[in-house]
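This briefing is for a reader new to the structure shown below. Please look through the sequence and the model first, then read the notes by topic.

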Amino acid sequence: MKKHNYSAGPCILPQEVFQEASQAILDFNNSGLSILEISHRSKDFVDVMEEARNLALELLGLEGKGYKALFLQGGASMQFLMVPYNLLQTKAAYLNTGTWSTKAIKEGKFFGEVKEVASSADKGFKYIPKGYFIPSDVDYFHCTSNNTIYGTQIKEFPKTPKPMVCDMSSDIFSRQMDFSQFDVIYAGAQKNMGPAGTTLVVIKEDILGKVERSVPSMMDYRVHLNKASMFNTPAVYAVYVSMLTLRWLKKNGGIAGIEERNEKKANLLYSEIDINPLFEGYAEKEDRSMMNATFNLLNDDLKESFDAMWKEAGIDGLNGHRSVGGYRASMYNALSLESVQVLVDVMSELERKA
Ligand SMILES: Cc1ncc(COP(=O)(O)O)c(C=O)c1O
């Protein structure tokens, strides 16, 4: 039976990527060796790393603009501390839009003063704060573009002369924007890019080298940049699968192409959530995420039937995050419109039966 994978991450990737990636486990590039057993210093893998780094910059439209891409380890959570380690001299501004921003703020405080410029905690992170002020004496401004747990997404980023750092873990490569407004972009691979185990970090090189503290080698972006993302053994297989996914994205129209498909999917599901009296969206409409749609069933008595129906239809991973409850449909790049239609059909079938 066809499965419709709504998992929030790790999550769905393109089938053709799975096929190519599984073949590389048996025989990588007709070398007679598995990708799992080759040296990360071999030419074959160095080429993979270079292609992955170049594709990331190309797809984001950042080639030739002073940016470099790295594939590091430690997840986006490691970036919560690498960012301030490398950039926070005295004070930084953070926008708090949910669990992940809260965690980034906590780590920032180990390195200096953190000014929370705005927070949506007052309403359960249902919305994105707007119209806040970014002080002129901060080293950078940090925000989270997509709030994976509560289902909100920043549609317009603030204009600030300060370096802007963005955690794009759950919406990287999903929508078009001017990526050159950011100085650091980071994202765990395990949503729109690849399996867990590697993290993409895109850095505008000229913002580095400004803090006075000594930075340990593994935490130092410049060390990783000088070694072309090979300072230590990279997550070979995770980088390889990420490279395949980025190739797939390029072949399928790049970010412009995927954005069009992502908009159709999100519109289809949100229209059902809004029209069906049994359901209610969690996030404020204007701040809804195109990637993670959060919603609740208004009548608890129907939960058992609804859960049985979507499971029967082959849907997987629809439960909300354990901290919020309800439902969360994660519609990452590789999820098809057909899969969203299956969920929408189940929701309207529940209405007919109720
Ligand atoms: C927006 C966001 N930031 C950070 C993280 C943490 O990522 P990791 O588990 O790779 O450290 C997640 C994980 O889901 C996330 O969604």
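Predicted model: local features only at pLDDT ≥ 70, side-chain atom pairs only at ≥ 80, totals over all residues.

In which hand does helix 3 cross helix 4? The crossing is right-handed.

**Helix 3 and helix 4**

- Helix 3 covers residues 75-87 and helix 4 covers residues 99-108; they pack at an angle of about 40 degrees.
- The axes of helix 3 and helix 4 are 8 Å apart.
- Angles under 35 degrees count as roughly parallel and those from 65 to 115 as roughly perpendicular, so helix 3 and helix 4 are oblique to each other.
- Helix 3 contributes F80, L81 and P84 to the contact, and helix 4 contributes W100, K103, A104, E107 and G108.
- By class, the residues of this contact between helix 3 and helix 4 are five nonpolar, one polar and two charged.

**Helix 7 and helix 9**

- Helix 7 (residues 254-275) packs with helix 9 (residues 337-353) at an angle of about 5 degrees, and their axes are 9 Å apart.
- Angles under 35 degrees count as roughly parallel, which means that helix 7 and helix 9 are roughly parallel to each other.
- On the side of helix 7, the residues that meet helix 9 are K264, K265, L268, L269, E272 and I273.
- On the side of helix 9, they are L337, V340, Q341, L343, V344, M347 and S348.
- The contact of helix 7 with helix 9 has eight nonpolar, two polar and three charged residues.

**Helix 1 and helix 6**

- Helix 1 and helix 6 (residues 236-251) pack at an angle of about 145 degrees, with 10 Å between their axes.
- Helix 1 and helix 6 make a right-handed crossing.
- From helix 1, the contact takes in E16, V17, E20, A21, S22, A24 and I25.
- From helix 6, the contact takes in Y237, Y240, V241, L244, T245, R247, W248 and K251.
- Nine nonpolar, two polar and four charged residues make up the contact of helix 1 with helix 6.

**Around the ligand**

- There are 13 residues around the ligand, and S77, T148, D167, Q190 and K191 come nearest.
- K191 has a polar side-chain atom 2.5 Å from an oxygen atom of the ligand.
- Q190 has a polar side-chain atom 2.9 Å from an oxygen atom of the ligand.
- A76 places a backbone N or O atom 3.0 Å from an oxygen atom of the ligand.

**Backbone features in loops**

- G9 and P10 are joined by a cis peptide bond, with omega about -5 degrees.
- The loop that holds P10 runs between strand 1 (4-5) and helix 1 (15-26).
- F125 is not a glycine, yet its phi is positive, at about 55 degrees.
- The loop that holds F125 runs between strand 4 (113-119) and strand 5 (141-144).

Methods: Residues numbered from 1 in each chain as written. Heavy atoms only, no water. Axes fitted to C-alpha atoms, helices over the stretch in contact; angles between N-to-C directions. Helix = DSSP H or I, 4+ residues; strand = E, 2+ residues; numbered from the N terminus. Parallel < 35°, antiparallel > 145°, perpendicular 65-115°, else oblique. Left-handed = near helix turned anticlockwise from the far one by under 90°. Contact = heavy atoms within 4.5 Å. Nonpolar A, V, L, I, M, F, W, Y, C, P; charged D, E, K, R; others polar. Near = heavy atom within 4 Å. Polar contact = N/O pair within 3.5 Å; in protein donor to acceptor, adjacent residues only side chain to side chain.
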